[in-house]
Structures are given as structure tokens and as C-alpha cells.
Amino acid sequence: QSDLPDAISCDSATAEDGLQEFPIIGIGASAGGVEALQKLLGYLPAKGNAAYVVVVHLAPAHPSHLAEILANSTRMAVVQVSSEVKVEPNTLYVIPPNHYLTLGKGSLHLEQMTQPRALPKAIDRLFVSLAEELQEKAICVILTGGDHDGTVGLKAIKAAGGIVLAQLPETA
């Protein structure tokens with residue numbers, strides 16, 4: 001049994017504060033990180049009072065089955081974001097192909113990637129938005145990385161006083 005559920009379940013703010021009532025945890029991985037992501041999800045509680053936002057590098061021109069794949073690794077609700085959505089606890093939100101996903105005012109926002117798609121840095125975009133929105137309550141996990149995507153965002157979260165977790169390079 002892991003101590004992880006207690007570590008992520010917290011009452012960090014109240015509705016009276018006008019702040020987020022539950023943790024929103026950004027998780028970034030390259031396309032090769034799906035196995036590590038599945039393993040991580042196996043440790044997360046279905047009712048841990050946290051929300052998770054997953055950004056994985058996806059092929060821009062192909063439909064994604066990532067939400068279905070990840071749903072087999074968790075008892076949490078898993079949603080591929082298709083439009084602006086208010087973030088709810090005990091839910092795993094998954095980025096769709098060819099989009100950026102950011103947090104603003106408690107909702108996830110989609111932005112179409114423009115072409116040509118050189119280095120999209122979708123993980124950085126999510127993590128920077130978490131740092132801006134949640135400040136010291138921002139939390140991110142980087143599992144595997146491609147083209148250093150996530151580096152700028154995790155530095156922003158760290159600078160805001162948030163929590164940064166990273167997979168060991170030798171296991172990535």
C-alpha cells in the first residue's frame with residue numbers, strides 16, 4: 001500500500017477564498033511515456049479529491065485512443081477534453097491531438113496548434129498555466145520528455161513555490 005493518496009489529498013483552500021478547493025496535478029510525458037503513466041495511475045486513488053491533467057505528445061493527424069488506454073489503469077473518470085471544461089476532482093483529463101491544453105479560472109481551455117508544428121511544447125504550456133493559476137498550489141509530474149518539453153513549465157511551478165516531481169532519467 002502506498003502513502004501517495006494521503007500526499008495528494010488535501011484541503012488547500014476553501015470556496016470562500018475564491019481559490020481552487022482541490023489539487024490539480026499536471027502530468028506530462030512523451031509518446032513513449034504511456035507505460036509509465038499507466039503505472040502511475042495504478043497508484044492513484046479513485047476518490048483522492050484531486051484532478052489530473054495529462055499531456056502526452058500525440059500524432060497531430062491521427063485520432064487518439066489515449067483516454068481509453070488510461071481508463072484501463074484507473075477507477076477515476078477519464079475524459080478526453082473536447083471543449084472548455086470546468087475541472088472537477090476525481091477526474092483524469094487527457095489532451096486531444098494537435099491541441100494545447102491550459103488551465104484558467106478553474107477550467108481547462110483548448111487551443112489548436114498552428115502549422116507548421118515545429119516544437120509545440122504542449123507540456124510547458126500546461127505547466128506554465130498551472131503556475132500562473134495556482135501559484136504555490138501548482139503540482140506537476142514529468143514522466144518522460146521529448147525535446148525538453150516540460151522544462152520551462154516545471155521551472156515556472158518551482159519558482160511559484162509549487163511541487164515538481166520527475167521520473168528518474170535512467171527509468172525514462
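This is a predicted model: local features need pLDDT of at least 70, side-chain atom pairs count only at pLDDT 80 or more; totals for chains, interfaces and linings use all residues.
Residues are numbered from 1 along each chain as its sequence is written, and side-chain values use heavy atoms, with hydrogens and water left out.

View 1. R75 is exposed, at a relative accessible area of 74%; exposed means over 50%, buried under 20%, and partly exposed in between (1.4 Å probe, protein chains only). T91 is 16 residues from R75 in sequence, and the C-alpha to C-alpha separation of R75 and T91 is 9.4 Å.

**View 2. The open sheet, order 4-7-6.** Its 3 strands pair in the antiparallel sense, where pairing takes at least two DSSP bridges between two strands. Strand 4 (85–86) and strand 6 are the edges, each pairing on one side only. Strand 4 is joined to strand 7 by 2 bridges, and K86 faces S107 of strand 7.

**View 3. The hairpin of strand 6 and strand 7.** Strand 6 (residues 99–104) and strand 7 (residues 107–112) run antiparallel over 6 bridges. H99 has Q112 of strand 7 as its bridge partner. There are 2 residues between the strands, and K105 takes a positive phi near 55 degrees.

**View 4. Helix 4 against helix 5.** Helix 4 and helix 5 (residues 151–159) pack at about 10 degrees with their axes 7 Å apart; axes are lines fitted to C-alpha atoms, for helices over the stretch in contact, and angles run from 0 to 180 degrees between N-to-C directions. That makes the two helices roughly parallel, a label for angles under 35 degrees. Helix 4 brings D124, F127, V128, L130 and A131 to the contact (heavy atoms within 4.5 Å), and helix 5 brings T151, V152, G153, L154, A156 and I157. These residues divide into 8 nonpolar, 2 polar and 1 charged; Ala, Val, Leu, Ile, Met, Phe, Trp, Tyr, Cys and Pro count as nonpolar, Asp, Glu, Lys and Arg as charged, and the others, Gly among them, as polar.

Technical notes:
Helices (H or I, at least four residues) and strands (E, at least two) are DSSP runs, numbered from the N terminus. Angles under 35 degrees count as roughly parallel, over 145 as roughly antiparallel, 65 to 115 as roughly perpendicular and the rest as oblique.
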